[in-house]
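Visitor: I have a structure to go through with you. Could we start with the backbone and then move on to the helices?

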Amino acid sequence: MRKAIIFIFIYLFSAGLIWGQDIPHLKRNENNIAQLIVNGRPYIMLAGELMNSSASTLESMAPKWNQLKALNLNTVLATIAWEQIEPEEGQYDFSIVEGLIKEARRHDLKLVFLWFGSWKNGSSGYAPHWVMRNTGRFPRMENDKGENRPFLSNFSENLIKADSKVFGALMNFIKQIDGKEYTVLMMQIENEMGLLGDSRDRSDKANGLFTKEVPGELVQYLQKNEKQILPEIAGQWKANGKKSRGNWLSLFGNENQKLADEMFMGWYYARFVEQVAASGKKEYAIPMFVNAWTIYPGDPVPGNYPSGGPNHRMLDIYQCAAPSIDFLAIDNYNEDYISQLKQYNRNGNPVFVPEAVALWRGEKWSGPAKAFYTLSEFNALGFSPFAIDNAIYDDKHPLKDAYHVLNNLIPLIAKEHGSGKMKGFMQQDNKSDKIDFGDYEINIHYNYPYLGYGLVIRLSEDEFLIAGNGADISFRSKVKSLPGISYGTIREGYFVNGEWKTSKYIGGDEAMQGVGGVKIPPVYLSEDANQNLVSILRIKVIPVKSSTYTNKNIFD
């Protein structure tokens, strides 16, 4: 009997049914929205990504932890470099991993590790010396002159095995020290991979594979999912006769921005990371993702951006070729932030933004707006500005205030994922926005000298919660018999253990005289507003037969 019990325990343990049954994982809610579940509850990452070298030593990180906590982050994205943890083949040093996990716990922060293995931003600057020096065993990609490029080949079986082996060892180590505390939430595999400088590798091996038949697995995927495939891919496949067999050129052609070349590279990058992710999940199956250097609308040429990387054009390819990858994340530095998000919000791909806010372009203050909008409008897993440890993110940065408010709203935001009752808004070049709730239209005007943004959650038939900053908001009834609006009680406040606490009743000058809507923040004069005044308001609205007031009446 005792032997039988031991056998059952060993079986359950090996199947993962005892150890780690509640490890961080993705689960779709009743509205089919993917949520990150940590300790049995939805977890939304109010995150920040460190600069590339910051987490390389504990000494470098020591002065940063308190500031990260002061910014009201709950999660930190930190680099783990292959060259650092396997400086010699087969000799692992996980001390930095253990140290980062312990320090994160001490500061009550979660971690997402970024595996800088074979590629970072297309290049191979984080691969160890023993890999880079052995070009016979680990070949480079080549140009059309046969010259080596500074990028490891994604066609190399030796590289796949080496990267997969060390990543599996890393995940086993994380499981041993964190398999019960869940400090590490997810893993990013590689970083903005893809080929720069050309649409595809021109080595003999790559050329040979390019002329072979497209893998039947991909063709079958296209046939099965034709209606949801990116129209560009489906259209080119159709234009070439919807063949079920043939090489990459014959099925997809290169007439449209080198599509065949990029799909070819995308397939082999995806198959590469599939094997790395599968090796890691065999040891510790927390969520794993890849991130993308996006395609800029003004320069949509593969090679000018990393060709074959996990960009929106290749989303279908990765979903087919890399089932162990849970989602494709977008590093969104685009000036048209919103349109780029939409390109990743398809085919069930959860939205996560691990990098945003282009400090090098002089963009310093957009983080709060992007955080609010991403988390509310796209039901995102999280949001993370890059270079969160840069001096710009000091105690006075408005991200601190935005994250404070969002942290207060996380349970409500998670509850409304996919319900249709939550909407986001964010100013880009526009001066106004409209949100349609069916029976109500919400009009948003951006009248402040900084980016306006926020979210709206419908709490009941006649009550709405509005949070954000830099916007004047009014309602319009769309009920034909009751086209006017009257405003009821307006309250500013916050939640304590799920219960609302009113900190101030808003009226008069701070509420457009009670007839024009609400202002966030609810200040007397517009010049009293500033980027740090992030507010939460609850407002009741009453549809009436008619209304003669407009915002213009109020200020005349």
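Predicted model: local features only at pLDDT ≥ 70, side-chain atom pairs only at ≥ 80, totals over all residues.

Visitor: What is the phi of Asn-32?

Guide: Phi of Asn-32 is near 65 degrees, which is a positive value in a residue other than glycine. Asn-32 sits in the loop between β1 (25-28) and β2 (34-38).

Visitor: Is Asn-32 buried or exposed?

Guide: Asn-32 is exposed, as its relative accessible area is 52%.

Visitor: And what about the phi of Lys-258?

Guide: Lys-258 is not a glycine, yet it has a positive phi of about 55 degrees. Lys-258 belongs to the loop between α11 (248-252) and α12. With a relative accessible area of 38%, Lys-258 is partly exposed.

Visitor: On to α12, then. At what angle do α7 and α12 pack?

Guide: Helix α7 (residues 157-178) and helix α12 (residues 259-283) pack at an angle of about 30 degrees, and their axes are 7 Å apart. The two helices, α7 and α12, are therefore roughly parallel to each other. Their crossing is right-handed.

Visitor: Which residues in α7 meet α12?

Guide: The α7 residues include Leu-159, Ile-160, Phe-167, Gly-168 and Met-171, and they meet a set in α12 that includes Phe-272, Val-276, Ala-277 and Gly-280. By class, the contact of α7 with α12 has 7 nonpolar, 6 polar and 4 charged residues.

Visitor: How do the axes of α5 and α7 cross?

Guide: The axes of helix α5 (residues 95-106) and α7 come within 11 Å and cross at roughly 35 degrees. The crossing of α5 and α7 is right-handed. On the α5 side, Val-97, Glu-98, Ile-101 and Arg-105 meet Leu-170, Phe-173, Ile-174, Ile-177 and Asp-178 in α7. By class, that contact of α5 with α7 has 6 nonpolar, no polar and 3 charged residues.

Visitor: Where does Lys-102 lie?

Guide: Lys-102 lies in helix α5. Lys-102 counts as partly exposed because its relative accessibility is 48%. Between Lys-102 and Lys-423 there are 38 Å in space, C-alpha to C-alpha, and the two are 321 residues apart in sequence.

Visitor: Another pair: how far apart are the axes of α15 and α16?

Guide: The axes are 9 Å apart where helix α15 (residues 367-377) and helix α16 (residues 398-415) pack, at an angle of about 15 degrees. That angle makes α15 roughly parallel to α16. The crossing of α15 past α16 is right-handed.

Visitor: Which residues meet there, in α15 and α16?

Guide: Gly-367, Pro-368, Ala-371, Phe-372 and Leu-375 in α15 meet residues in α16, among them Leu-399, Ala-402, Tyr-403 and Ile-413. By class, the contact of α15 with α16 has 11 nonpolar, 1 polar and no charged residues.

Visitor: Last topic: why does Glu-463 count as buried?

Guide: Glu-463 counts as buried because its relative accessibility is 8%, and the cut-off for buried is under 20%. Glu-463 lies in strand β19 (residues 463-469).

Visitor: Which side chain is joined to that of Glu-463 by a polar contact?

Guide: The side chain of Arg-538, through a polar contact of 3.0 Å. Leaving aside neighbours within four places in sequence, Glu-463 is in contact with Ile-457, Arg-458, Arg-491, Arg-538, Ile-539 and Lys-540.

Conventions. Residues numbered from 1 in each chain as written. Heavy atoms only, no water. Helix = DSSP H or I, 4+ residues; strand = E, 2+ residues; numbered from the N terminus. Buried < 20%, exposed > 50% of the residue type's maximum accessible area, 1.4 Å probe, protein only. Polar contact = N/O pair within 3.5 Å; in protein donor to acceptor, adjacent residues only side chain to side chain. Contact = heavy atoms within 4.5 Å. Axes fitted to C-alpha atoms, helices over the stretch in contact; angles between N-to-C directions. Parallel < 35°, antiparallel > 145°, perpendicular 65-115°, else oblique. Left-handed = near helix turned anticlockwise from the far one by under 90°. Nonpolar A, V, L, I, M, F, W, Y, C, P; charged D, E, K, R; others polar.
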